[in-house]
Amino acid sequence: MLGLLCTPPITGVRHPVFFIALHKGYSCLEDAYDRAAHFHHLNSLVFLSVAGYCQKMFHTQGVFPCFGLVFVFFVLHSAHGDLSYSVQEELKRGSVIGNIAKDLGLEVGRLSARKARVDMEGNDKQYCGINLRSGDLIVADRIDREEHCGEKPSCVLRFELLLENPLELHRLSLQVQDVNDNAPVFPKDIIKLEIRESAVKGARYRINAAQDADIGKNSVQSYILQQNANFVFNIQTTSAGSKFGELVLDKELDREEQQEMKLLLTAVDGGSPQRSGTVVIHVIVLDANDNAPVFTQAIYATTLKENSPLKTPIITVSATDADEGVNGEVTYEFIRRSDTPGNLFSLDQKTGEIIVSGDIDYEERSKYEVFVEAKDGYGLSTEAKVVIDVTDVNDNAPVIQLKSVSDPIPENAPPGTEVGIINVQDRDSESNRQVHCSIQQNVPFKLVASIKNYYSLVTTGHLDREVVSDYNITIRATDEGSPPLSSSKTVHLSVADINDNPPEFEEQSYSAYVSENNKPGSALCSVSARDPDWRQNGTVIYSLLGGEVNSAPVSSYVSVNGDTGLIHAVRSFDYEQFRSFKVQVMARDNGSPPLSSNVSVSVFISDVNDNSPQILYPAPEGNSFMTELVPKGAHGGSLVSKVIAVDADSGQNAWLSYQIVKSTDAGLFTIGVHSGEIRTQRDISESDSMKQNLVVSVKDNGQPSLSATCSMYLLISDNLAEVPELKDISYEEKNSKLTSYLIIALVSVSTFFLTFIIIILGVRFCRRRKPRLLFDGAVAIPSAYLPPNYADVDGTGTLRSAYNYDAYLTTGSRTSDFKFVSSYNDNTLPADQTLRKSPSDFADVFGDSDNSPEVRAHFSILSSLHTFLVPSMCVFFCY
């Protein structure tokens, strides 16, 4: 099935575009493609002939196996880039060949993004490159025309310009022009000729021509023979088109005159500058020899399979000589191998059999031409050409080349994304070079055939780096040879991370337990979140979400370490204020944009026994006076009263137990350990005291336990009229304490009074005997006896001084200052309260001490003490 469609002109394309639709048959498709490549300079009729050729191939050879419908299109000067450039060989690297971007209408700015590159067909070496900034096609390596094309008159190197995004292929043809870089070379340095002296004028003797690897005018153009009297040199052309030289006898030889001679022959090419090569012709004059050897064929042709083993016979050449004896014996040798390596073939000099002596490779060279010379015993010779055509065998496995790869691949790449370009080449020919490619593993990738020998590696599904972070894709290529050969190549692709996963906490919620009265900064618990993304996308940072606990910011209660997720208490908690609270912790990654998730953390505060029991009834001592009446006829087990207490703690810390620790009659009353109910243990009798005092202890069950006590006053009576004054009950309890206090006060006051009398008497006695010691400096008054501030500084002591006295005396002075301060609390002393006295005044004072103010002050103090002591003594004795 073959169809041809002509489309209207495409914008930017100067020639029509033709589409050839055909069933996928490699032979016709390949041939059509090659024809289009070779005749790109023709008009659209060329493509009609291509279609006709394919149709003819289908009917005559049936080379269209049906593997599906394929559309192949050729766009002249655009779609397959049939651009031709001409360049001289041996140009320097970096030399500009042409501007490929301008010639193909490509945007120079996008060449780099589209990864433009130039590859040579069937060769991995880079001879040409492209300047991505200017779009120039440049020389990347040494180009030797003789290396690539040999003696071919036209040397065309084919390249492919490959661009991606989208995939685009342009074919480039590079016409390599010859330069004169090779000199002519003769096969031998010395040519030996044996000529009979009877040879007549005009006799011709064949000389192998010099070889020049260059072509055209750069090849051998002329020969120059050394001046001599007997010979001239002429150039001849064989029927096969090869050239050789002839040494022509211009004057008869005379052996008696000259038995041998040596002539220098120079070959000169036509290049600029000219190059030349020389050979020495050694002529030996003989007596007689009339006939030269003659080959049975002028050209021998044969075929040879590549990779033929060594010593495989190829062909046998044969020549005969009409002479007899020694003159008729013929020997064979190679004279010109047309740049064929000397180790590929060998020739038997006796039989003329040519055998294989080296490795024959069809891919290196498919045709060889060698020249064999037949020579008789006296040097007359002739030559024949042997053409050896090498046939291809399937000895080359396909070669897979990774032309481009996008590594790493974003994990959010949609299905159908092109991630790589694969080129497959097989150096064999015909069916041996037809290749099928496939991917071996079950991976989300596939190969899509795009342009000749090129495949695109595209995704077939969604990628997830967290599931599979990289892929090793094995691509296998198999040819259609017999037996088929295959090769494989592994392509490693990494998946680049995208921040598509928020952090996930390891638990749905967290609980933290802490005892009350904890230390600020203590650790409560730790939260942990995992982000399967990579690097910064997987780095988790913790923080508290805003909120309130008991109308206070949550940050005033707890804090979280942003790196570790460890939650700390900011303050000390009180179980009695609140028993639990919740906070929200956020885990956020460092991706762009960042993703986050939240988790709830419940903080439970456990109770500590930090509250003593609180007695509600009876009221605490000192607040009120509680008395219970017990009937005289109460029987054992009767409920008398009940102690009611509570504990702010909880649990076992609030379990209260009651116990009577002191009672007037130990066996009369009992109290319930857990209820606090006070009951009679037995019946009330007449002998029981009317006044009963109970001291009850209330203790919790904490560790350590805390307790509180209360007093319960009970009166055994049936009538309130029989009850004496209630306060006497409480006084009885306090009598012992009050008595102790009064005794201590009386002893203290008496001791102070006696000490004060002794001090006054001693001072007066000393003043009468030595009145001037205070002024002469003989006696130093220690500061400990006269403290500057006797009273308490802050006024919080139990005894408060009403007056404070400061005396300032200087030895040897006749003046002294005496300050009276009415109260210690007066911070500023008035100046008018300072009295100035002269030494004479002191004498008067000491002389009349009874009338002095000092004595009067002493008696005033004594009177005050007497006034305090007399009532105190009276009270004491009354009690």
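Student: Are Cys149 and Cys155 buried or exposed?

Tutor: Cys149 is buried, and Cys155 is buried too. Keep in mind that this is a predicted model.

Student: What joins Cys149 to Cys155?

Tutor: A disulfide does, with an S to S distance of 1.9 Å. The count for this structure comes to 1 disulfide.

Student: Why is the disulfide called right-handed?

Tutor: Look at the torsion about the S-S bond. For Cys149 and Cys155 it is about 70°, so the disulfide is right-handed.

Student: Now the whole chain. How many helices and strands are there?

Tutor: The chain has 8 helices and 57 strands.

Student: How much of the chain is buried?

Tutor: Of its 879 residues, 40% count as buried. The chain exposes about 48,400 Å². Carbon and sulfur atoms supply 52% of that area.

Student: What share of the contacts joins residues 24 or more positions apart?

Tutor: Take the contacts with a separation of 6 or more. Residues 24 or more positions apart account for 66% of them.

Student: Can you show me one such residue? Where does Val390 lie?

Tutor: Val390 lies in strand β26, which covers residues 381-391. Val390 is buried, with a relative accessible area of 5%. Now compare sequence with space. Val390 and Leu304 are 86 residues apart in sequence, and their C-alpha atoms are 4.8 Å apart.

Student: Which residues does Val390 touch?

Tutor: Set aside residues up to four places away in sequence. Val390 then touches Leu304, Lys305, Glu306, Ile360, Tyr362, Arg365, Ser366 and Tyr368.

Student: Do β11 and β17 run parallel or antiparallel?

Tutor: They run parallel, joined by 7 bridges. Strand β17 covers residues 276-286. Now follow individual partners. Ile195 has Val285 in β17 as its bridge partner. Arg196 stands opposite Leu286 in β17.

Student: What about β16 and β17?

Tutor: Strand β16 covers residues 260-269 and runs antiparallel to β17, with 9 bridges joining them. The two strands form a hairpin, with 6 residues between them. Within this pairing, Lys262 stands opposite His282 in β17.

Student: Why is β17 described as largely enclosed?

Tutor: Count its buried residues. In β17, 8 of the 11 residues are buried, so the rest of the structure largely encloses this strand.

Student: How should I think about a nonpolar core?

Tutor: In soluble globular proteins, nonpolar side chains tend to be buried together. In this model, the largest nonpolar core has 29 residues. Those with the most contacts inside it are Leu524, Val558, Ile567, Phe573, Phe581 and Val601.

Student: Which elements give two or more residues to this core?

Tutor: They are β36 (509-515), β37 (523-526), β39 (540-544), β42 (558-560), β43 (566-569), β44 (580-589) and β45 (596-606).

Student: What is Phe573 in contact with?

Tutor: Leave aside its neighbours within four places in sequence. Phe573 is then in contact with Val514, Glu516, Asn517, Asn518, Leu524, Tyr557, Val558, Phe578, Phe581 and Ile605.

Student: Which sheet contains β36, β39, β44 and β45?

Tutor: An open sheet of 4 strands, in the order β36-β45-β44-β39 and with mixed pairing. Its edge strands are β36 and β39, and each pairs on one side only. The twist averages 30° from one strand to the next.

Student: How many bridges pair β44 with β45?

Tutor: They pair over 9 bridges, in the antiparallel sense. For one of the partners, look at Gln584: its bridge partner in β45 is Ser600.

Definitions and conventions. Residues are numbered from 1 along each chain as its sequence is written. This is a predicted model: local features need pLDDT of at least 70, side-chain atom pairs count only at pLDDT 80 or more; totals for chains, interfaces and linings use all residues. Side-chain values use heavy atoms; hydrogens and water are left out. Two strands pair if DSSP finds at least two bridges between them. A nonpolar core is a set of buried Ala, Val, Leu, Ile, Met, Phe, Trp, Tyr and Cys residues joined through side-chain atoms within 4.5 Å. Buried means under 20% relative accessible area, exposed over 50%, partly exposed in between (1.4 Å probe, protein chains only). Contact means heavy atoms within 4.5 Å. Accessible areas come from the Shrake-Rupley method with a 1.4 Å probe; for residues, only the protein chains shown count as cover. A disulfide is a pair of cysteine sulfur atoms within 2.5 Å. Axes are lines fitted to C-alpha atoms, for helices over the stretch in contact, and angles run from 0 to 180 degrees between N-to-C directions.
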